[in-house]
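Below is a short exchange on how some structural terms are applied. Each answer sets a value against its definition.

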Amino acid sequence: MAITATASTLLLASSAMAFEQKIAVINVQEAISQIPQAAVLMQTLETEFKDEKAVIELLQKDLSFEDENLKRNGSLMSEKEKTELQTKMNGLYQQYQAKVKEFQQQVSQRKNEETNKLLALVTQAVDNIAAKNDYELVISKQAVVFSKPSTDITAKVVEQVSKLK
């Protein structure tokens, strides 16, 4: 009986301690999307890849032009001319596909690199806010079914990261 009473007391004490923990939640994706550095990142990537994008758009226009030419003048062309045009179009299409694939890979890689830098800024801000406010645990909002709005530190993180240049 004494053991049961002691166990019950310990269980109640540990439950009370669990309620004393300061816990916060953060929506990392929302924080990253709201910081001004994210807009700068997108602009930087746009500028960085504008030449490659222009090459792809030119290939796309060439393909469209040749396709229209075949549709418009195909009935007037000899079989040899049609075959040559289709061969040219196949080559252009293969070039186009290769350029698009390479472009997408490069953009994805650079975006991941830059997003990791933003994530580091957000993580640093979370650490600072957690230390300043004595939070014992900060959880991703996506992993939580319910939390009071007062536990959400996303806006504080955005504010702190926004002050950094």
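Q: Which exposed residues lie on the face of H6 turned away from its buried side, and what makes them exposed?
A: The model is a predicted one. Ala155 and Lys163 are carried on that face of H6. Exposed requires over 50% relative accessible area, so both residues lie above that cut-off.

Q: Which residues of H6 are called buried?
A: Thr154, Val157, Val158 and Val161. Buried means under 20% relative accessible area, so these four fall below that limit.

Q: How are H5 and H6 packed, in angle and axis distance?
A: The angle is about 115 degrees and the axes are 9 Å apart. The crossing is right-handed. On the H5 side, the contact is made by Leu121, Val122, Ala125, Val126, Asn128 and Ile129; H6 supplies Lys156, Val157, Gln160 and Val161.

Q: What makes up this contact by residue class?
A: It divides into 7 nonpolar, 2 polar and 1 charged. Lys counts as charged, so Lys156 is the charged one.

Q: Which members of the largest nonpolar core touch the most other members?
A: Ile26, Ile35, Val122, Ile153 and Val157, out of 27 residues. H5 gives the most to this core, with 10 residues.

Q: What is Ile153 in contact with, beyond its neighbours within four places in sequence?
A: Ala24, Val25, Ile26, Val126, Ile129, Tyr135 and Val138. Contact means heavy atoms within 4.5 Å, so each of these has heavy atoms within that distance of Ile153.

Terms used:
Residues are numbered from 1 along each chain as its sequence is written. This is a predicted model: local features need pLDDT of at least 70, side-chain atom pairs count only at pLDDT 80 or more; totals for chains, interfaces and linings use all residues. Side-chain values use heavy atoms; hydrogens and water are left out. A nonpolar core is a set of buried Ala, Val, Leu, Ile, Met, Phe, Trp, Tyr and Cys residues joined through side-chain atoms within 4.5 Å. Buried means under 20% relative accessible area, exposed over 50%, partly exposed in between (1.4 Å probe, protein chains only). Helices (H or I, at least four residues) and strands (E, at least two) are DSSP runs, numbered from the N terminus. Axes are lines fitted to C-alpha atoms, for helices over the stretch in contact, and angles run from 0 to 180 degrees between N-to-C directions. A crossing is left-handed if the near helix is turned anticlockwise from the far one by less than a right angle, and right-handed if clockwise.
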